[in-house]
Amino acid sequence: MSQKVTIEPVTRVEGHGKVTIHLDDNMNVAQTRLHIVEFRGFERFVQGRPYWEAPVLVQRLCGICPVSHHLAAAKALDVIVGAGTGHGLTATGEKMRRLMHYGQMFQSHALHFFHLASPDFLLGYDADPAIRNVIGVAINFPELATQGVLMRKFGQEIIEHTAGKKIHGTGAIPGGINKNLTIEERDIFLKGADPMNIDKMIDWADGALQFFKGYYMKNRDFVDGFAYFPSNHLSLVRKDGALDLYHGVLRAVDANGNKILDDVDYQDYYNYIEEEVKNWSYMKFPYLTHIGKEKGWYRVGPLARLNTADFIPSPKAQKEFEIYKAHTNGKPNNYCLHTHWARLIELLHAGEVLKELLLDPDLQKDDLVVKGKKGKEGVGLVEAPRGTLFHHYRIDDNDAIEMANLIVSTTNNNEPMNQSVNFVAKNMMNGQAVITEPMKNAVEIAIRAYDPCLSCATHALGKMPLDIKLYDANGVEMDHYKS
Amino acid sequence: MSKTLIYGYGNPGRQDDGIGARFVELVDAWIAKEHIQNVFTDSNYQLNVEDSVLIADYDSVIFVDASVADIESYKLEEVLPDNATIEFTMHAVSTAYVLDLCRKLYNKNPRTYVLHVKAYEFDFVEDLTPQAMQNLQAAFEFIKAFVLKEMQ
């Protein structure tokens, strides 16, 4: 008799997802699905609101990575106010935004590695779930757990000093920024008492990276054999091919490294990317239009970024990038768990960039905003911690937003996450008489590698403002539940 | 005199989810008006691991959160660290989790409470519902007396 295995909720990812795995009569995996309940009412909500409110409004979308939404919205509105794309701002405006963005990247990557991924590595993916968490890490590896906490705190404090406040930050405004960084603020991060200074943060980032590499050398077969599958990869890159998390042009490569999209101005993204709707998930499935639905899906995030970029413009991270690339002979890396390796190289890079920015006197200048000829439409992209984030707005004659379209990082990774779940389920569960907890955790490890963010911002337990509809196999609605 | 932290969390852009942040505004006004000493405030969208560092500096901590539990208007509950029922997601953790991490990493154990305030709607709205606002006011009056007593 066929069976269905349900893993619900998926823990240690933001928000809740549900995985269903259908087994056939021989206990082989017949079908897997990662179901996401993603709230999409936001794009309608912003319609009619004055455009200049968008960078603050969009932080309502997600209390998890509000900086990414804040900056993507601000970049789209830069275009509308005539400040140009990316480099049209004043030096202080762009560099303050970069400081905010790389601060976010630093804290998010540190949190993910130390407090979400490391329990599986330090304690074993088959360890007792009661201890396979950050509390288990805190007990057994208190120094590492403390580093993770303080790296997260360091990044959060940079955000607070650039965005203005923790909740509903207002730092980025259309055409620039509303504050610079005083010398006193700068020195908090440059000269903070040990360990809260940027030099120590870079040391710890490097230590985390070396830790992962050590783990990898001892567990190479497991890491390399876990959810390996070829795919396309997409991200922003700087015009010269460098890794750039704040601004650039769109580039995509296929599994062999051939450029299938290159030097694309993201103002035209809609000519290159479409989203497919499937009736079993609220989350859409983006793909490259010219390749099509079947083969045009792509990964975003750290793994993809290090596949699309030609080099990393900071010395320590570049050195590590060369080691990392040598592992795949310069070809794209399609190993799912190497995402952690790539994320830690980016963590080190973010630390180096933060130091470079903090030493830059442009941050203390007062030329904060530029304006130009106003337009009606703008697109803003950033590389959020989890991958490429798209914000697209059009305004009417009264300066009200009449259209908004957002493609968030986790949506871009929808098909790859489903592919990873399918790979792990088939490789670990096929033909097994009993589906064990470690097998289920392995599926979660595959999902967590993407660091997905499924939140719709409200965290009050049991209350998610969603309509949930149930459909039968023919797509006919069976039930409608309004929470 | 003991130090107390009142920490509201939630997203003020999501209607009653903003109860925590709004509560902290009331406390800030109270501190300023009455010149209350040794009561401090903070707020954020969600709790996270670095809050374990923050609470280590206080003798007592009161977290304030919106609640959809079956309560009248508000409920104060002591938080106990509980290893066995850790439930955490990517960037949000529970009050018990923050306290447990504080104990394990910093060997500090502040008296910790969570003030649940009954909430109703979580739409994309900046203001609280009238019912939530009433609950908030009642909870605030209660907490003022509670804090002053705690500090004695």
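Predicted model: local features only at pLDDT ≥ 70, side-chain atom pairs only at ≥ 80, totals over all residues.

**Stop one: the two domains.** Colour chain A by its domain assignment: domain 1 is 3-39 + 419-482, and domain 2 is 89-228 + 339-364. Where they meet, 14 residues of domain 1 contact ten residues of domain 2. Now show α14 (414-429) and α15 (437-448) of chain A, the elements that each give two or more residues to the domain 1 side of that contact. The largest share comes from α15(A), with seven residues. Colour this side by class and you'll get eight nonpolar, two polar and four charged residues.

**Stop two: the cores.** Which residues touch the most other members of the largest nonpolar core? Pick A:Ile345, A:Leu354 and B:Leu115, out of 146 residues in that core. Next, select helix α4 (residues 91-123) of chain A, which gives the most to this core: twelve residues. Zoom in on A:Leu354 and look for its contacts A:Leu99, A:Tyr102, A:Gly103, A:Phe106, A:Ile158 and A:Ile198, leaving aside residues up to four places away in sequence. Then hop to a second, separate core of 23 residues, with A:Ala227, A:Leu337, A:Ala442 and A:Ala449 among them.

**Stop three: a loop.** Select A:Lys284, in the loop between β9 (273-276) and β10 (285-288) of chain A. Beyond residues up to four places away in sequence, A:Lys284 touches A:Glu275, A:Glu276, A:Val277 and A:Thr411.

Note on methods
Residues numbered from 1 in each chain as written. Chains lettered and ligands numbered in written order. Helix = DSSP H or I, 4+ residues; strand = E, 2+ residues; numbered from the N terminus. Contact = placed C-beta atoms within 7 Å. Domains from an automatic or database assignment. Nonpolar A, V, L, I, M, F, W, Y, C, P; charged D, E, K, R; others polar. Core = buried A, V, L, I, M, F, W, Y, C linked by C-beta atoms within 7 Å. Buried ≥ 20, exposed ≤ 12 C-beta atoms within 10 Å, placed from the backbone.
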